[in-house]
Amino acid sequence: QFNDDYFDRGTVFSGNATVSATGQSGSRTSASYSGQGFELDSVLKTAVNWFLVEPQGTGVVATLGAIDTRTVNQDMLSLGLVPSDAIDQIFLNSGTDRSPERGRLVVHVVDSQLRSVPGIRGTLSTTPEITQYRMGSTWVLDDNGTSATDDSGMLFFGNVQTGSTLTRASVSLSGTSTSRIDVELKTGAVTVVNAIVAGK
């Protein structure tokens, strides 16, 4: 469970959850987690497999993350889970409430060595209600498409139109570097993803 709205460090989640990923047949395969670990059978080996953690109870929200299952150490796989108050903190200064009927996307723009990249603007193929950028210790609304990432390299798309199953969208990145990434979103869930960009 992530500690804060940087979504990079955390502590072991002690509650119950369902973990799922794309299986070899192309359908989702799932397993139960009860605070110790989980074991998924027949997971598809691919460069990007979207793992969904759906917790039981309150205080945390369903979280999607991309894993390269071709090279990951199966015994050391660690998935993130977003606290609801971290997402609510992002919405706090937006004038918009978090909608349980929409999805959310956190993007951390990094280079090939996973260092945060400043000066990046992002647009989502599915129009969100809000776009925000991390500025120091707070999040601010995009200023008519002119805002860009600070040294944290982080941006956020809130209340995105999604479906009850995984919904594909794309993020176009421009500014100090350009790139495009595909992401998966889901109603009620938060997708947390690294977007790797190359220098110009």
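**Close-up 1. F2 and F7, two buried residues in a predicted model.** Both F2 and F7 are buried in this predicted model. How many aromatic pairs does the structure hold when ring centres must lie within 6.5 Å? The count comes to four, and F2 with F7 is an aromatic pair of the edge-to-face kind. Here the ring centres are 5.9 Å apart, with 85 degrees between the planes.

**Close-up 2. W139 and F156, an edge-to-face pair.** The planes of W139 and F156 meet at 70 degrees, and planes over 60 degrees apart count as edge-to-face, so this pair is edge-to-face. Their ring centres lie 6.2 Å from each other. This pair links distant parts of the chain, 17 residues apart: W139 belongs to strand β10 (residues 138-141) and F156 to strand β11 (residues 154-160). W139 and F156 are both buried.

**Close-up 3. R134 over the ring of Y6.** In this view, a charge meets an aromatic ring: the charged end of R134 sits over the ring of Y6. The distance to the ring centre is 3.6 Å.

**Close-up 4. An open sheet of three strands.** Follow the order β8-β12-β13, where the pairing is antiparallel. β8 (120-124) and β13 (179-185) are at the edges with a single partner strand each, so one side of each has no neighbour in the sheet. From one strand to the next, the twist averages 30 degrees.

**Close-up 5. Where β8 meets β12.** Five bridges join β8 to strand β12 (residues 167-175) in the antiparallel sense. Which residue of β12 stands opposite L124? That residue is V171.

Conventions: Residues are numbered from 1 along each chain as its sequence is written. This is a predicted model: local features need pLDDT of at least 70, side-chain atom pairs count only at pLDDT 80 or more; totals for chains, interfaces and linings use all residues. Side-chain values use heavy atoms; hydrogens and water are left out. Rings of Phe, Tyr and Trp (its six-membered ring) pair if their centres lie within 6.5 Å; planes under 30 degrees apart count as stacked, over 60 as edge-to-face and the rest as tilted. Buried means under 20% relative accessible area, exposed over 50%, partly exposed in between (1.4 Å probe, protein chains only). Helices (H or I, at least four residues) and strands (E, at least two) are DSSP runs, numbered from the N terminus. A charge sits over a ring if NZ of Lys or CZ of Arg is within 6 Å of the ring centre and within 35 degrees of the ring normal. Two strands pair if DSSP finds at least two bridges between them. Axes are lines fitted to C-alpha atoms, for helices over the stretch in contact, and angles run from 0 to 180 degrees between N-to-C directions.
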